[in-house]
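This briefing is intended for a reader who is meeting the structure below for the first time. Please keep the sequence and the model at hand while reading.

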Amino acid sequence: MAPSTTSDSTSLRQGEPSFPDPGGQLRDVGLRATRPRIAVLRWLWDNPHSTAEAVAGAVRDELGSVSTQAIYDVLHACTAAGLLRRIEPAGHPARFETRIDDNHHHLVCRACGRAEDVDCVHGTAPCLAPSSTAGYVVDEAEVVFWGLCPDCRSAHTQDRSHHHEEGRS
């Protein structure tokens, strides 16, 4: 079941979609609605592209003592059940998100690893067609665009400017 995309009076933030009932989502896919699972889904709804480490810290802040292994178990179970999507940008830790209802892509910063969603540009999933399928039935294309996020680009520009000024002294 995909997260709701309609706004209502129970919205978590003004003008943004509300998170659907995570307990109901878990039960709908045959999982028990435990406090750690609910906390993980809620955190990722507001903080997409989070690492397991970030999720663990947030869940511990909310619930108290929760083992790292328990967080990994929740992330694995929810991903396997189709409630979460796992992305694995090369050279960076895996990230998790609740946006699972489409075949979107990602922008990833080479410096800090920040990730942003990018909608498919052409057609419906998989939105890219390989020159040969080698007999596979293709149902998804995963594209990662790499570059520098605005914060890292700004820091990189300032750093280059600083080094240039030092060379004049």
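Ala134 counts as exposed, at 65% relative accessibility, where exposed means over 50% relative accessible area, buried under 20% and partly exposed in between, with a 1.4 Å probe and protein chains only. Ala134 is found in the loop between β4 (115-118) and β5 (144-147), and its phi is near 50 degrees, a positive value in a residue other than glycine. The structure is a predicted model, in which local features need pLDDT of at least 70 and side-chain atom pairs count only at pLDDT 80 or more, while totals for chains, interfaces and linings use all residues. Residues are numbered from 1 along each chain as its sequence is written, and side-chain values use heavy atoms, with hydrogens and water left out.

**A second residue with positive phi**

- His49 has a positive phi of about 70 degrees although it is not a glycine.
- The position of His49 is in the loop between α2 and α3 (52-63).
- His49 counts as buried, at 7% relative accessibility.

**Confidence**

- The mean pLDDT of the protein is 82, and 78% of its residues reach 70 or more; pLDDT is the predictor's confidence in each residue, from 0 to 100.
- Over residues 1-16 the pLDDT is below 50, and this stretch has 32 contacts in the model beyond near neighbours in sequence; a contact means heavy atoms within 4.5 Å.

**Overall architecture**

- The secondary structure comprises five helices and five strands; helices (H or I, at least four residues) and strands (E, at least two) are DSSP runs, numbered from the N terminus.
- Along the sequence, these elements follow the pattern α-α-α-α-β-β-β-β-β-α.
- The protein has 169 residues, of which 34% count as buried.
- Of the contacts with a separation of 6 or more, 43% are between residues 24 or more positions apart.

**Packing of helices α2 and α4**

- Two packed helices are described by the angle between their axes and the distance between the axes.
- The axes of helix α2 (residues 35-46) and α4 come within 10 Å and cross at roughly 70 degrees; axes are lines fitted to C-alpha atoms, for helices over the stretch in contact, and angles run from 0 to 180 degrees between N-to-C directions.
- On the α2 side, Pro36, Arg37, Val40, Leu41 and Leu44 meet Ile71, Val74, Leu75, Ala77 and Cys78 in α4.
- By class, the contact of α2 with α4 has nine nonpolar, no polar and one charged residues; Ala, Val, Leu, Ile, Met, Phe, Trp, Tyr, Cys and Pro count as nonpolar, Asp, Glu, Lys and Arg as charged, and the others, Gly among them, as polar.

- Val55 is found in helix α3 and counts as buried, at 0% relative accessibility.
- Leaving aside neighbours within four places in sequence, Val55 is in contact with Val40, Trp43, Leu44, Ser50 and Ile71.
- Tyr72 belongs to helix α4 and is partly exposed, with a relative accessible area of 45%.
- The C-alpha atoms of Val55 and Tyr72 are separated by 9.4 Å, the two residues being 17 residues apart along the chain.
- Tyr72 and Ala52 are 20 residues apart in sequence and 6.8 Å apart in space, C-alpha to C-alpha.

**Glu116**

- Glu116 lies in strand β4 and is partly exposed, with a relative accessible area of 36%.
- Not counting residues up to four places away in sequence, Glu116 touches His49, His105, His106 and Leu107.
- The C-alpha atoms of Glu116 and Pro48 are separated by 8.5 Å, at 68 residues apart along the chain.

**Cysteines**

- A search of the whole structure finds zero disulfides; a disulfide is a pair of cysteine sulfur atoms within 2.5 Å.
- The sulfur of Cys109 is 3.7 Å from the closest cysteine sulfur, in Cys152, which is too far for a bond.
- Cys109 is buried, with a relative accessible area of 2%.
- For Cys149 the closest cysteine sulfur is in Cys152, at 3.7 Å from its own sulfur and too far for a bond.
- Cys149 is buried, with a relative accessible area of 8%.
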